[in-house]
Amino acid sequence: MRVVLFTGKGGVGKTTLAAATAARLARSGRKTLVVSTDPAHSLGDALGERLDATTESEPADLGQGLFAAHVDTRVLLDDAWGDLQGHLRTLLAGAGIDELLADELTVLPGVEDLLALAEVHRLATSGLWEVVVVDCGPTAETLRLLGLPEALSGYLERLFPAHRRAVRGMIAGLASGRAGAEQAAGWDRTVDALDRLAARLAGLRALLADREETSIRLVLTPERVVAAETRRTLTALALHDLQVDGLVVNRVMPAPPPSLRGPTARWLRERHTEQQAVLAELRAECGDAVPLATVPYTAAEPTGVEALVALAGGLYGDGDPVAAVPDTGPGLRLERTAGSGTSADSEFELALRLPGAADGPLDLTRVGDELVVTVGSTRRRVSLPAVLRRCEVTGARLVGEGHATDLVVVFAPDPAVWMQR
């Protein structure tokens with residue numbers, strides 16, 4: 001089973017290309033689902049079909065192996081989060097916390113985005129489709145969406161650590177009588193809900209981290225502003241160790257015929273030359289690491305399944321739209337560079353693949369057992385391996401250039417804790 005997520009700056013045509021890819025896959029004989037998490041819900045317009053929101057219901061069957069749906073998080077919100085929020089609110093109120101404050105404390109950040117991703121996970125793991133194509137929202141929303149499972153797992157663990165959840169109603173059970181029993185039962189229900197949420201987050205993280213099964217495709221137009229945002233997106237996705245399997249450059253102007261004269265011809269040639277310069281820069285930066293494909297600017301807007309199949313034919317030719325790209329390996333790599341065993345003169349290097357990191361502000365902070373890396377407006381909390389938790393950061397540097405850039409953080413044993421087990 002393959003999952004391909006399409007995203008890009010708003011207005012670049014990602015919904016059309018996601019729908020075209022799904023239509024092409026279905027025509028090739030693979031049972032395919034295209035699902036939209038974009039709040040704009042324009043997938044149905046691209047397909048020329050009316051799509052109802054999916055809430056544990058069957059997506060629309062468009063025939064010839066193509067299915068489609070869009071996710072409405074407002075419909076999912078009460079069912080998926082309401083029970084847990086209610087249990088937490090009751091516990092906080094029982095602990096003497098003001099009801100209004102309890103309401104605020106139980107608002108999980110990004111819960112609607114989480115539910116959209118969870119619905120995609122449910123559909124993708126149902127076993128009903130060979131390929132799931134996801135039309136995500138614009139880039140900024142998608143980055144928040146894809147970073148949520150890891151971020152919320154950390155949030156949940158800090159708020160309700162697993163070892164404390166495991167001691168199910170012990171503290172509440174210390175209270176005697178009926179009130180204590182009710183409090184313990186309430187804690188048990190809350191722990192059950194928290195554990196279900198933790199399991200869902202773990203499933204989402206596993207789906208996104210599977211580099212053979214899941215990949216992201218960035219759609220852009222050959223304009224410098226859009227290309228600059230795409231470069232930042234590549235860096236942000238690499239920071240979260242998510243696999244990008246290609247760039248699709250949409251609306252590429254053809255070269256005007258030499259016989260064409262006048263102001264219009266001059267404008268077309270200048271536009272074509274500028275676009276080709278942007279494409280050349282992208283190819284030089286990405287090399288073979290991220291394949292780049294182009295889609296010509298067409299006079300007619302492709303809407304409806306047949307028009308989308310024709311569009312995909314020009315994009316993919318005889319190739320497989322979801323062919324696997326070479327895996328460059330895990331984005332996070334640990335190496336001992338000096339010493340051995342429990343040697344106090346050991347040195348370790350933790351390398352994080354971070355293309356384009358040299359182009360923007362980069363911040364690195366050690367917080368307890370985590371390394372907080374911030375590139376531009378994107379942040380990731382990296383849980384340190386056990387051996388590095390007994391070390392201190394002694395340096396950091398960027399190695400390589402372009403798409404082959406690594407952030408290398410150097411660690412050395414902390415004498416105060418190194419020999420502790």
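Hi everyone, let's begin with strand β5, residues 66-71, which is mostly covered: six of its six residues are buried. Before I go on, please keep in mind that this is a predicted model.

Which residues of β5 sit on each side?

Now for the neighbours of β5. Strand β2, residues 32-36, runs parallel to β5 and is joined to it by five bridges. Strand β4, residues 60-63, runs antiparallel to β5, with three bridges between them. F67 is a handy landmark here: L33 stands opposite F67, and D61 stands opposite F67 as well. β4 and β5 also form a hairpin with two residues between them, and Q64 in that turn has a positive phi of about 55°.

Let's move on to the helices. Helix α10 covers residues 224-239, and T230 lies in it. Is T230 buried or exposed? T230 counts as buried, because its relative accessibility is 7% and the cut-off for buried is under 20%. If we leave aside neighbours within four places in sequence, T230 is in contact with L218, L220 and L247.

α10 also has a packing partner. Helix α11, residues 263-286, packs against α10 at an angle of about 15°, with the axes 10 Å apart. That angle is why we call α10 roughly parallel to α11. On the α10 side the contact is made by R224, A227, R231 and L234, while α11 brings E274, A277, V278, E281, L282, E285 and C286. As for the handedness, α10 passes α11 in a right-handed crossing.

C286 takes us to the cysteines. C286 is buried, with a relative accessible area of 7%, and C136 is buried too, at 0%. How many disulfides does the structure hold? The number is zero.

Last stop: another sheet. Four strands form an open sheet in the order β10-β11-β16-β15, with antiparallel pairing. The edge strands are β10, residues 332-338, and β15, residues 391-399, and each pairs on one side only. From one strand to the next, the twist averages 25°. Within this sheet, β11, residues 347-353, and β16, residues 406-413, pair in the antiparallel sense over six bridges. To find that pairing on your screen, look for F348, whose bridge partner in β16 is F411.

Key. Residues numbered from 1 in each chain as written. Predicted model: local features only at pLDDT ≥ 70, side-chain atom pairs only at ≥ 80, totals over all residues. Heavy atoms only, no water. Pairing = 2+ DSSP bridges. Axes fitted to C-alpha atoms, helices over the stretch in contact; angles between N-to-C directions. Disulfide = S-S within 2.5 Å. Buried < 20%, exposed > 50% of the residue type's maximum accessible area, 1.4 Å probe, protein only. Contact = heavy atoms within 4.5 Å. Parallel < 35°, antiparallel > 145°, perpendicular 65-115°, else oblique. Left-handed = near helix turned anticlockwise from the far one by under 90°.
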